[in-house]
Amino acid sequence: MTFVRHRLARHRLSRHSAAGLAVGVAALLATGLLAACGSASGASAGSITLYSGQHEQTTQSLVNAFETQTGIRVNVRYNDEDSFADELVAEDAHPIADVFYTENSPALEYLQDKGLLASVDASTLAKTPAKYNSPQGDWVGVSARVSVLIYNPSLISASQLPTSVLQLASPKYKGKLAFAAGETDFQPIVTSVARASGAPATTTWLNGIKANAGSHVYPDNETIADEVNRGAVAFGVVNQYYWYRLKAELGAANVHSEITHFAPHDPGYVVDVSGAGILKSSKNEADAQKFLAFIVSKAGQEIIAHSISFEYPLDDGVLTTAPETPLATLQPYPVTIGDLGDGSTAIALLRKAGLL
């Protein structure tokens, strides 16, 4: 399978939001959360190259803190994780990257299946609940997000919203629905529907939501959140943190949308995981292992919790500062990291429906 490039993600937020991240990291430094994990001794430190498909603001806050703590320099490249996955396969003979950090698990599973990832230290894997890590131990889960419906109450009431993802294909939602078929965030939902209903039914469903969305098939979740908020479309499917970021960007007074979950255990109610792995070809594996250990440490997880990432830290002792539904109380469909696989099932179905 080849990971085709589906979209050009908008990883950057405004200067105001970036400043918020800097303030959050500074606050952690001031309270000693980073220092508690040790600090650079002044001795000569190494460097690693990080390929990041994660949102830039999330990555940079972690990188800045890691460099402050260890003195190890992190050279970061940003791109879509699916583009990086193909690049890393091609790069294997002349390695550049040490660490690959993604928004979702399929790109990591793809590289794992190619035999390109090194084993993560057991002590690092132990920091994250096993269900959020690579089943083979070749990458570690860092944060999580959950799929939700974002809606504009002036266009559709909460009682009129679908409670199941399968209802998105109902003709009554024609012209009201938005989704981002090319988002890697959408693939886990498609995989989940296929697992619950089978491939033929999923193809029918995709054709139905494509017809309902019409011109509201958008390139990314940010666009969905913006368009729903301004009243251009009634509702859409996104991950929860996009709404919280929108609120942080615009201020509560300018947010005209709300979010809600699908019914408990519905195939559309999916928790997916952002993770990181080390390339077997890395010449800096010891420092790369330190980076993975840091981002799942208490200090790294607190950075995620206190930033405007609004993703869920996977350390069960760390909670987001936003009033989000706690990760532990979510009731998602029981699809596992292994079930989500490398995303090839979802990609094939999306292509068959003419959505990629």
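A cavity here is a set of points, on a 1 Å grid over the protein atoms alone, where a 1.4 Å probe fits but cannot get out, while a pocket is an open set with protein on both sides within 12 Å along at least five of seven lines, and lining residues have an atom within 4 Å of a point. This is a predicted model, in which local features need pLDDT of at least 70 and side-chain atom pairs count only at pLDDT 80 or more, whereas totals for chains, interfaces and linings use all residues. Residues are numbered from 1 along each chain as its sequence is written, and side-chain values use heavy atoms, with hydrogens and water left out.

**Cavities**

- The structure holds three cavities of 30 Å³ or more, where a volume is the space filled by probe spheres set on the grid points, which are joined across faces, edges and corners.
- The second largest cavity contains about 50 Å³ of space, and its lining consists of Leu88, Glu91, Asp92, Pro95, Ile96, Ala97, Leu116, Leu279 and Ser281.
- That lining of the second largest cavity divides into six nonpolar, one polar and two charged residues, with Ala, Val, Leu, Ile, Met, Phe, Trp, Tyr, Cys and Pro counted as nonpolar, Asp, Glu, Lys and Arg as charged, and the others, Gly among them, as polar.
- The largest cavity holds about 60 Å³ of space, and the residues that line the largest cavity are Ser147, Ala180, Glu183, Asp185, Phe186, Ile189, Asn221, Ile224, Val237, Val238 and Asn239.
- Helix 8 and strand 6 (235-239) each supply at least two residues of the lining of the largest cavity, and strand 6 gives the most, with three residues; helices (H or I, at least four residues) and strands (E, at least two) are DSSP runs numbered from the N terminus.
- By class, the lining of the largest cavity has six nonpolar, three polar and two charged residues.

**Largest pocket**

- The largest pocket has a volume of about 580 Å³ and is lined by 27 residues, of which Lys131, Tyr132, Val271, Leu327 and Ala328 lie nearest its centre.
- Strand 8 (271-278), strand 9 (312-313) and helix 12 (337-340) each contribute at least two residues to the lining of the largest pocket, and that lining comprises 20 nonpolar, three polar and four charged residues.

**Helix packing**

- Helix 3 (residues 81-91) and helix 4 (residues 106-113) pack at an angle of about 15°, with their axes 9 Å apart, where axes are lines fitted to C-alpha atoms, for helices over the stretch in contact, and angles run from 0 to 180 degrees between N-to-C directions.
- That angle makes helix 3 roughly parallel to helix 4, given that angles under 35 degrees count as roughly parallel, over 145 as roughly antiparallel, 65 to 115 as roughly perpendicular and the rest as oblique.
- Glu81, Ala85, Asp86, Leu88 and Val89 of helix 3 make the contact (heavy atoms within 4.5 Å) with Ala107, Tyr110 and Leu111 of helix 4, and by class this contact has six nonpolar, no polar and two charged residues.
- Helix 8 (residues 221-229) and helix 9 (residues 240-250) pack at an angle of about 60°, with their axes 10 Å apart, and the two helices are therefore oblique to each other.
- In the contact of helix 8 with helix 9, Asn221, Glu222, Ala225, Asp226 and Asn229 of helix 8 meet Tyr242, Leu246 and Leu250 of helix 9, which by class gives four nonpolar, two polar and two charged residues.
- The axes of helix 2 (residues 56-70) and helix 11 (residues 298-306) come within 10 Å and cross at roughly 145°.
- Ser61, Leu62 and Ala65 in helix 2 meet Gly300, Ile303 and Ile304 in helix 11, a contact with four nonpolar, two polar and no charged residues.
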